[in-house]
Amino acid sequence: MSIENLSVNKCFGGWHKQYSHNAKTLNCSMRFAIYLPPQASKENRVPVLYWLSGLTCTDENFMQKAGALRMAAELGIAIVAPDTSPRGDEVADDEGYDLGKGAGFYLNATEAPWKKHYQMYDYIVSELPTLIEANFPVLTKRAIAGHSMGGHGALTIALRNPELYASVSAFSPIVNPMNCPWGEKAFTAYLGNDQSKWRQYDASELMLEATKFVPAVVDQGLSDSFLSEQLKTEVLEAAARKVSYPLQVRMHEGFDHSYYFISSFIDEHLRFHAKHLF
């Protein structure tokens with residue numbers, strides 16, 4: 001479980017750090033970023049928000065663009081941002097931006113050539129938190145959030161593991177990947193043609209089957225060019241109504257799919273998670 005420090009930056013009294021490590025679940029070297037607020041110490045461990053980024057992103061996008069660290073420092077919440085896929089010359093890839101490197105979809109691939117490395121679900125749920133909790137002054141109490149493909153990951157992971165997460169939130173998530181072009185392409189490649197295997201990674205399908213609830217917030221911009229074809233927020237809303245799931249969906253006039261949207265509401269998300277983490 002050795003880790004290598006790549007960079008250190010002081011920010012709002014805390015520390016932003018990048019690390020690499022050999023990820024056993026992914027069979028490759030992986031990078032992650034962690035923000036430790038000023039309250040974090042051996043004597044005072046803090047809860048953790050895991051942030052999952054979207055297509056083409058790395059651990060850096062959220063940490064540098066979202067403007068989340070000021071509020072994380074105020075609230076005393078650590079933030080962990082993993083990469084979005086396995087990396088390395090030996091890792092399978094695709095010419096498209098929406099499959100392969102940068103597009104892990106937070107699932108466990110079962111099809112060749114992807115299954116050797118693309119076990120992102122196990123990495124996020126098990127290996128990475130174990131690593132974080134062993135090496136940093138954090139509690140086992142976790143929340144999870146994400147954007148777009150990462151919003152899909154956050155929702156599906158929380159829905160499948162309600163005992164592990166105090167809360168979940170998402171910006172512009174892909175909520176019904178079984179029925180959108182991004183999801184259909186990725187799921188066919190990673191999981192094969194048997195669509196019964198896809199349901200375990202579809203937030204709308206999982207919500208219909210939920211028996212234990214994790215408090216959830218979804219923010220979606222109404223000027224998001226991906227809303228109708230790829231994101232399908234209304235499908236998740238319908239599932240939540242059917243089972244009375246504690247989901248709050250907030251639609252925002254004029255906002256798009258970008259980090260301008262995320263940075264506008266990230267403080268509200270962090271306050272939401274703080275209510276459930278403390």
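What order do the nine strands of the open sheet follow? The order is 1-2-3-5-4-6-7-8-9, with mixed pairing. Strands and helices here are DSSP runs, E of at least two residues for strands and H or I of at least four for helices, numbered from the N terminus. Two strands count as paired if DSSP finds at least two bridges between them. At the edges sit strand 1 (3–11) and strand 9, each pairing on one side only. From one strand to the next, the twist averages 20 degrees.

A word on the source. This is a predicted model, where local features need pLDDT of at least 70, side-chain atom pairs count only at pLDDT 80 or more, and totals for chains, interfaces and linings use all residues. Residues are numbered from 1 along each chain as its sequence is written, and side-chain values use heavy atoms, with hydrogens and water left out.

Strand 1 runs antiparallel to strand 2 (residues 14–23), joined by eight bridges. Asn-5 has Tyr-19 as its bridge partner in strand 2.

Now strand 5, residues 78–82. Five of its five residues are buried, so the strand is largely enclosed by the rest of the structure. Buried means under 20% relative accessible area, exposed over 50%, partly exposed in between, with a 1.4 Å probe and protein chains only. In a regular strand, side chains alternate between the two faces of the sheet. Here Ala-78, Val-80 and Pro-82 point one way, Ile-79 and Ala-81 the other. Strand 3 (residues 28–36) runs antiparallel to strand 5, over four bridges. Phe-32 partners Pro-82 there. Strand 4 (residues 46–52) pairs with strand 5 in the parallel sense, over three bridges. Leu-49 partners Ile-79.

On to helix 8, residues 233–243. Which of its residues are buried? Thr-233, Leu-236, Ala-239 and Ala-240. The buried residues pack against several elements, including helix 4 (149–160), strand 8 (216–221) and strand 9 (247–252). Contact means heavy atoms within 4.5 Å. After the helix comes Ser-244, with a positive phi near 55 degrees.

Helix 8 lies across strand 8 and strand 9, at about 150 degrees to strand 9. Axes are lines fitted to C-alpha atoms, for helices over the stretch in contact, and angles run from 0 to 180 degrees between N-to-C directions.
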